[in-house]
There are 2 protein chains.
Amino acid sequence: MISSKPASHPSRRRYGSSPQRRPAPLNRPPGMPLASAPALASSPGVYTKKLKVAVLGGLEEVGRNCTLIEYGEDIILIDLGLQFPEEDMPGIDYIIPNMNYLKGKEKRIRGIIITHGHYDHIGGIPHLVPNLGYPPIYALPITNAIIKKRQDDFTDVNQFRIHNVKIDDHLRLGAFDIEFFHVNHNIPDSMAVVINTPEGTVVHTGDWKFDYQPVGEPPADLQRIAKIGDRGVLALMSDSTNAMMPGHQTSESEIGVNLEDLITKAKGRIIIGAFSSLLSRIKQLIEISEKLGKVVALGGYSMKSNVEIAKELGYMKFNSKILIDMRQIDKYPMNKVVVICTGAQGEKNATLMRIATGEHREIKLVPGDTVVFSSSVIPGNERTVQRLKDTLFRKGAEVIHHEMMDVHAGGHAKADDVKLMLSLLKPRYFVPQHGNHFMLRLNGKIAAAMGMPKENIFIADNGQVMEFSKGTGVLTTTKLPSDYVFVDGLGVSDETNVVLRDRQALAEDGMVVIIATVDTKTGLLIQNPDIISRGFVYLKEHKELIEDLRHRVKKLVVDSDPKSWADTNYIRNKIRDYVGQFLFTKTEKRPMILPVVIEV
Amino acid sequence: MISSKPASHPSRRRYGSSPQRRPAPLNRPPGMPLASAPALASSPGVYTKKLKVAVLGGLEEVGRNCTLIEYGEDIILIDLGLQFPEEDMPGIDYIIPNMNYLKGKEKRIRGIIITHGHYDHIGGIPHLVPNLGYPPIYALPITNAIIKKRQDDFTDVNQFRIHNVKIDDHLRLGAFDIEFFHVNHNIPDSMAVVINTPEGTVVHTGDWKFDYQPVGEPPADLQRIAKIGDRGVLALMSDSTNAMMPGHQTSESEIGVNLEDLITKAKGRIIIGAFSSLLSRIKQLIEISEKLGKVVALGGYSMKSNVEIAKELGYMKFNSKILIDMRQIDKYPMNKVVVICTGAQGEKNATLMRIATGEHREIKLVPGDTVVFSSSVIPGNERTVQRLKDTLFRKGAEVIHHEMMDVHAGGHAKADDVKLMLSLLKPRYFVPQHGNHFMLRLNGKIAAAMGMPKENIFIADNGQVMEFSKGTGVLTTTKLPSDYVFVDGLGVSDETNVVLRDRQALAEDGMVVIIATVDTKTGLLIQNPDIISRGFVYLKEHKELIEDLRHRVKKLVVDSDPKSWADTNYIRNKIRDYVGQFLFTKTEKRPMILPVVIEV
């Protein structure tokens, strides 16, 4: 544990030499953060360097979180997540942070710290760490266990250097002296990272909420947070996901009451859809089921492996006998069965979807079954979830979702939680992170409302560099590369945008291929042009249109000066322009036109 | 006005002759609905016919509402709406109800009654009415004015027979004696339809809520509704959109307080995004602005024309001088300007989107501008609206949305509203409509909780026929055609599904065209196969893959028995299978493979 120092530490005076430049802190002058970080002695020349902070992913989206912190020769990363693709990115599996800035700097990466085991914080690891030269990874045990489980899919498992930390560890990574503190979220072993640097202390919250009655873990360590605030915090980088919502986030144990009530009263089976990563929820559900003398079947690979991890590491404690194999489910009376499964977002191949569509081998829905959506709906998934509910109701199930009853507690700080964190840490600068731009803005407004000067609130973009020196921070206009990097069946690429644009165009109005076969000697058409179209119009209803088009292309080619055939590009463009214009006039559609000239 | 009769009318006994079959009503025996409908005399043989009710659109979605009511030779339709396409329907403008059942029955359509002027109730009119032989359309004045305005885009305006009704009119359409009653929604002239038939009275609510303090119109006519209930109602068909939400729907005037506060305090311009069809909201906004001495600029064609209609018909009353042209906007001090515009759902070309992207000619956002989203987010639009908010914040605007403040009141009945309607009308049967299947179920649960027997609650699918005879209703298994009918640039078609499937496939993994040119005489390849791909892989990164593919196709063709060329289908399939398999092995993608064999 770090030693605490009185708030009036004299070395604080080293901050803000010019009174004009010195920004007004929240309520009291900021502390000198380094004074109490015993491992770090600042050398006289240290201020020629600057502390550089850039968020490579997570400032313009919820997902693909990654923060870079650099001082002199030393670089650390916090989190390495993935993001799920938008609707207009068909065929993409996910998006990961852009590591181009680190090309050639691999040896300077002292470590990667992972705040917790959710995919938007760990999902980039298998794809990116190999290219970074396998720097060491530091996280709490459950986080690491989930990371390792995921690595099983990859061949280079042994090259990863994954280290468990303890919540009160000090970690020395180059110029950085690193500590942690416990926060609540909806997965255990969630932590915030305290990075003591020669320029001051940066606190990175990870994903967090304050839960005074959490499940299976202590509440966030307010005393510890207060002490860190007391030592002085240069900058707080904090979760913005739910900051636009007033009040405090719901406690995990509050919804436990509702869930217990539902499971107690169920006359048939209870099937609960949740993220496999909501380990606090799953723990509660299993424990409630055990208490009520029911058995639990888990659905979904990640659900099973996460529960296994949590049990192995002692986070979940239950009699293993209550966990039954899905194939045994019919051996128990309906009202003794609880199913916990993936798919509450309507994910295509997840268990709940397969149960709904009747494709699940072991569970066929019957009237009397109750399906509970114990999750919020991720923006963009609303229609899919609505359709899933329709299907479940059609199969005779009762459906309970969060609009009807509190069956889900969010994992992210709401406005009052943010206020408490700011009050405890009293940072000089506030950097909202983890959210769309508008979420960052609304999070920033909270600090402004509490009196933080606007110029100390950095609403940055992905890659935008923040520099801190002598107690003063600047949000620079320098941007590190942060373009999307896509992962699909082919691997990792940042050039997929071209392909995506084509897919979007094809999706919109389809395409038409025109093949003209001409005799090179004479420049004459050898046969009628071939026309192939897909996704454009229903051909059976538009035979005339296609015949008309064929006729016109023929005429276009026949009428062309045979000499122009020397330049196939010219004639191809001519066909493309002509056909595009013709089809638009006839159909108001703009299919992709692909003219092919075959010369024989 | 219809005359009211005492509840104990003796002819009620004609209902439910067998006590076993007679379903238990809500609280008291149902009345004989026709007794008080003076224009209808039931002939002795009337019960050989049955009353047939089918909802052609609006039971599996929110949108494309249309209800068919048939008795003997007589058919009426209620509403003829459109639905906006789902994400997986690229290139589709909208979806309209399927009229196939009415083919050959056009002369039996006695009329189309439109409950209110929203697109999900009127949008199908220009596309479908011509094919139905232009049956007469009946609606209240504002509804008709909006219908006519929309017809301006079509050439056959003069053939439409559009008739204004008054709220207390009786309308005789064949076997049906039709009345109306006023309900609240968020557009004026919203009405419910009371269809007195030889088999009893069916009440169709349209879209509704109870608003005790509505804006610019009276509250729903509770006395009238109670009287209709008193006469006896066979079946109530009612709006399910918000029935899953507890409590009463917010009053339009309640949010007026917040909006007035926002407009009063604004130091810069206020830009309010709303649906142009939310006429109650727009009326309030204009009147508040006038009261505060501000001017109003309207953005969006439909916004302007709807306000024009509402003013012409006396629904909106304001000094015309306060409406200014968007081009004049810079002549007024910023804090005197209110802009009301379309685009709060993030619609591509709507005013708010163009303002956000900087493409709007007259309004360039400046810090100090406040943008208010005075609308809910339609499921499916969440991500688009999030991105729109990001853009607005980036341009320096303040953004107010419904998560932060009550700036929108829904137009649909919540659970307690539904309970009141059921209590006033006391129907024997309840038919939830206007919503996804799960919404219908949850609406149905309300009636069940109030004591209606489950067998009297009809959760139907689109097209599913309900039959009523001698006071007893049956939800039959007969289904009228209800497949999607698509409208796009080409017009109306119900065969677009094929094209859509292709578009979806193209969007997912793109396509590869393989062109093999062979000599018909020898069966030999004349040149290397041409390969064109779009939306599949980034070609520059995968040159080798394409070369490999070209080589393999060449070998495949060369190795084939030249005789097999006689059957081009055979060789095309061979290429398709081979290439598909090869590319999947290499890329885990399944692009659409289009083999072309050119024989010369």
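This is a predicted model: local features need pLDDT of at least 70, side-chain atom pairs count only at pLDDT 80 or more; totals for chains, interfaces and linings use all residues.
A residue counts as buried under 20% relative accessible area, exposed over 50%, and partly exposed in between (1.4 Å probe, protein chains only). Residues are numbered from 1 along each chain as its sequence is written, chains are lettered from A and ligands numbered from 1 in the order in which they are written, and side-chain values use heavy atoms, with hydrogens and water left out.

- Chain A has 14 helices and 26 strands; helices (H or I, at least four residues) and strands (E, at least two) are DSSP runs, numbered from the N terminus.
- Taken along the principal axes, the C-alpha atoms of chain A fill a box of roughly 95 × 70 × 45 Å.
- Of the 600 residues in chain A, 60% are buried.
- Chain B can be superposed on chain A by a rotation of 180° with 0.0 Å of shift along its axis, at an RMSD of 0.1 Å. The two copies are thus related as by a two-fold rotation axis. In chain B, Ala507(B) has the C-alpha nearest the axis, 2.4 Å from it.

**Salt bridges**

- Over all chains there are 44 salt bridges, each being a side-chain nitrogen of Lys or Arg within 4 Å of a carboxyl oxygen of Asp or Glu.
- Glu179(A) pairs with Arg231(A) in a salt bridge whose closest N and O atoms are 2.9 Å apart. This pair links distant parts of the chain, 52 residues apart: Glu179(A) is in strand S9 (residues 176-182) and Arg231(A) in helix H4 (residues 222-231), both of chain A. Glu179(A) and Arg231(A) are buried.
- Lys445(A) forms a salt bridge with Glu398(B), with 2.3 Å between the closest N and O atoms. Lys445(A) lies in helix H11 (residues 437-449) of chain A and Glu398(B) in strand S18 (residues 398-400) of chain B, so this pair joins two chains. Lys445(A) is partly exposed, with a relative accessible area of 32%.
- Arg327(B) and Asp325(B) meet through their side chains in a salt bridge of 3.0 Å, N to O. Arg327(B) counts as exposed at 61% relative accessibility, whereas Asp325(B), at 33%, counts as partly exposed.
- A network of salt bridges links Lys52(A), Glu70(A), Glu73(A) and Arg108(A).

**A charged patch**

- Glu87(A), Asp88(A), Glu87(B) and Asp88(B) form a negative surface patch. Patches are made of residues with over 30% relative accessible area and no salt bridge, with like charges joined within 9 Å and nonpolar side chains (Val, Leu, Ile, Met, Phe, Trp, Tyr) within 5 Å.
- Glu87(A) sits in the loop between strand S3 (74-78) and strand S4 (94-96) of chain A, and Glu87(A) is partly exposed, with a relative accessible area of 39%.

**A proline to look at**

- Pro141(A) is found in helix H3 (residues 141-151) of chain A. With a relative accessible area of 29%, Pro141(A) is partly exposed.
- From C-alpha to C-alpha, Pro141(A) and Ile114(A) are 11 Å apart in space, and they are 27 residues apart in sequence.

Terms used:
Accessible areas come from the Shrake-Rupley method with a 1.4 Å probe; for residues, only the protein chains shown count as cover. Lys and Arg count as positive and Asp and Glu as negative; His and the chain ends are not counted. The place of a charge is taken as NZ of Lys, CZ of Arg, CG of Asp or CD of Glu. Copies are superposed by least squares on the C-alpha atoms of residues with pLDDT of at least 70 in both.
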